Every structure is written in C-alpha cells, then in structure tokens.
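Biologist: I'd like to learn how to read a model like this one. Can we go through it together?

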Amino acid sequence: MSKVKVAAPSKKDLRQLADGVHRNPHSILGAHPDGKGTIIRALRPYAESVAARIGGVDYPLHHVDAGVFSAKAGGAKPLPAVVRVVGGGVLAMVLRALWYP
C-alpha cells in the first residue's frame, strides 16, 4: 500500500475558505488520510482553540491561517469525533462525523 501525502493548503485556498468562496472546501476541511495518520482541519474563524476527541484521545488543532485549524492525528481513523471549540471565553461542544473524501 502506497503512502498518501496530503498537501498543505495554499494561502489562496485559505483566503477563499475564509471568504466563503472556495469551490471545494471539503477537499481541505475535515479528515484526510496521510500515510499512517489522519490530517484533521476545521474552519473556526473566531475560535481561540480547537481540539478533536477521537476514540477518547484529544488532538489539539493549531491555527494555520484565516481561521483554519489543523492537526495530525497519529494512527487515528476518522470516526465520529467531538470537536471542542473555545472562543470569547465560551466553550462549545460540537458533534461531527469525520470522513475520508
């Protein structure tokens, strides 16, 4: 089985996501296989922090640019996850399904 490498989004892609005009946002956002792990990206423009809990393990997402957060989740598979978002001192728990494209 060959390794899959997920390219980092370009500045243009990030700006289009932030502006709501990207033609295929799910090609960047969500969960994508990357070799032995999974890349998780979320668009949360007003968030102070974002983390995904998959199978009881927390994966903090780091701000990339333009409100896009990203993390590599080791060998985690994209199962249903709880995404924890903190913004303006408010905690919100959002249940999301993470799928490979």
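Predicted model: local features only at pLDDT ≥ 70, side-chain atom pairs only at ≥ 80, totals over all residues.

Biologist: How many salt bridges does a search of the whole structure find?

Modeller: The general idea is that side chains of opposite charge can pair when their charged atoms come close. Here the search turns up four salt bridges. One of them joins Asp19 and Arg15, at 3.6 Å from N to O. Those two sit four residues apart in helix α1, so about one helical turn separates them.

Biologist: Which parts of the chain does the pair of Lys72 and Asp34 link?

Modeller: That salt bridge, at 3.2 Å from N to O, ties together distant parts of the chain: Lys72 lies in strand β5 and Asp34 in strand β1, 38 residues apart.

Biologist: Is Asp34 buried or exposed?

Modeller: Buried means under 20% relative accessible area. Asp34 has 4%, so it counts as buried, while Lys72 is partly exposed at 46%.

Biologist: And what about Arg53 and Asp58?

Modeller: Their side chains form a salt bridge at 2.7 Å, N to O. Arg53 is partly exposed at 42%, and Asp58 is partly exposed at 44%.

Biologist: What is Val85 in contact with, leaving aside its neighbours within four places in sequence?

Modeller: Its contacts include Ala47, Val50 and Leu91.

How values were computed
Residues numbered from 1 in each chain as written. Heavy atoms only, no water. Contact = heavy atoms within 4.5 Å. Buried < 20%, exposed > 50% of the residue type's maximum accessible area, 1.4 Å probe, protein only.
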